Amino acid sequence: MADTGDAALVYLDNNATTIMPPEVVDTVIRWMNRGDPSAEYASAREARKMMQRFRQLLAVDGGFELEGPLGYTVLFTSGGSEGNCHVANAAARAYAARTGKLPHIIVSAVEHKSLLTCCLQLARDRIIQLTVLPVRTCTAGTGRRPPTGDTGTVDPEELRKAIRPNTCLISIMAANNETGAINDLRGLGAIAHAARIPFHTDAVQLFGKSTIRPTELNLDAFSGSFHKLHGPPGVGFLAVRNDFVEGYGLGALVCGNQNEGLRGGTENLPGIAGAFAAYKRAVTKRGDKNRQMRRLRDG
């Protein structure tokens, strides 16, 4: 039940977005009117410390480092869509600048619209070559089905066959927002890395509900969004490995000094603080919550 101010609302659309509980709303309000977090006064320093504590919690929960060539830089964004578009645009631009070649990107046919539309536009503008992989389904007219649990996922052999000498990025979503199908990120990422190609995943629907360990899953970058975890809308993150495989890093999509120079603009302090509170709430007793959810689902 959610309190809309006038009456209690039974809300049943958590897969699209979630309602903020009172403690998250209170956190958002407390972090309003703090000034510019890039300044040197006390509240600005406090804000920078809060954001760094948040990054550290994400790193601890995900089993990755924030420093060194194998560490990850965490950028706070406006959501998963921004992170997805950032990776596609910046990888293509960086690869073209380093090699002088036309970049090639591989995605699946069931990616979130943010990534799919972005890549289709880049291809229409002749900035990239694009391969859109199908996902595994029941073979029409034969009744043959993919292996149990593989319906709606990318076939590793199809990915392997799609790789070209100029492939600069492979992006396959972690869990589909409509079907719930979960891809084998570890296996797909291993194929990407064997060909020395960066591997990104849109982790929005899996992040927070399950632990995302990028080093174990062969992820060079992954996007997340906190409004799926009872956080504020309009706040997400992009985690990018500091040594982006072949050594070409991702440049900025929004220019500025913030977020290590990779995502400019004054940070959304109330939103980030609310997301921090929501994330701590989401990972507390996560296993118990997931078991309860399965019991309710399975009847």
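Which residues line the largest cavity? In this predicted model, the lining of the largest cavity consists of Leu58, Asp61, Gly62, Phe64, Phe207, Ile212, Phe222, Phe237 and Tyr279. A search of the whole structure for cavities of 30 Å³ or more returns one, and the space in the largest cavity comes to about 60 Å³. Helix H2, which covers residues 42–62, gives three residues to this lining, the largest share. Sorted by class, seven of the lining residues are nonpolar, one is polar and one is charged.

Helix H2 also packs against helix H7. The axes of H2 and H7 come within 10 Å of each other and cross at roughly 30°. Angles under 35 degrees count as roughly parallel, and H2 is therefore described as roughly parallel to H7. The crossing of these two helices is left-handed. On the H2 side, the contact is formed by Ala47, Met50, Met51, Arg53, Phe54, Leu57, Leu58 and Asp61. On the H7 side, the contact residues are Leu269, Ile272, Ala273, Ala275, Phe276, Tyr279, Lys280 and Val283. The contact of H2 with H7 comprises 13 nonpolar residues, no polar residues and three charged residues. Leu58, Asp61 and Tyr279 take part in this contact and are also among the residues that line the largest cavity.

Helix H7 (residues 269–283) has a further packing partner in helix H1 (residues 22–30), with the two axes 7 Å apart and at an angle of about 150°. Angles over 145 degrees count as roughly antiparallel, so H1 is roughly antiparallel to H7. This crossing is right-handed. Helix H1 contributes Glu23, Val24, Thr27 and Val28 to the contact, while H7 contributes Pro270, Ala273, Gly274, Ala277, Ala278 and Arg281. By class, six residues of the contact of H1 with H7 are nonpolar, two are polar and two are charged. Ala273 of H7 is part of the contact with H1 and also of the contact with H2.

A further helix pair is formed by H3 and H4. Helix H3 spans residues 80–99 and helix H4 spans residues 113–124; their axes come within 8 Å and cross at roughly 30°. H3 and H4 are therefore roughly parallel to each other. The crossing of H3 and H4 is right-handed. Residues Ser81, Asn84, Cys85, Ala88 and Asn89 of H3 make the contact with Ser114, Leu115, Cys118, Cys119 and Leu122 of H4. The contact of H3 with H4 contains six nonpolar residues, four polar residues and no charged residues.

The pockets were examined next. The volume of the largest pocket is about 1400 Å³. Its lining is made up of 39 residues, and those nearest the centre of the pocket are Asn14, Lys209, Lys228, Asn290 and Met293. Strand E1 (2–3), H1, H7 and helix H8 (286–298) each provide at least two residues of the lining. Helix H8 accounts for the largest share, eight residues. The lining of the largest pocket divides by class into 16 nonpolar, 14 polar and nine charged residues.

The largest share, four residues, comes from H2. Five residues of the lining of the second largest pocket are nonpolar, seven are polar and five are charged.

Notes: Residues numbered from 1 in each chain as written. Predicted model: local features only at pLDDT ≥ 70, side-chain atom pairs only at ≥ 80, totals over all residues. Heavy atoms only, no water. 1 Å grid on protein atoms, 1.4 Å probe; cavity = no way out; pocket = protein on both sides within 12 Å on 5 of 7 lines; lining within 4 Å. Points joined across faces, edges and corners; volume = space filled by probe spheres on them. Nonpolar A, V, L, I, M, F, W, Y, C, P; charged D, E, K, R; others polar. Axes fitted to C-alpha atoms, helices over the stretch in contact; angles between N-to-C directions. Parallel < 35°, antiparallel > 145°, perpendicular 65-115°, else oblique. Left-handed = near helix turned anticlockwise from the far one by under 90°. Contact = heavy atoms within 4.5 Å.
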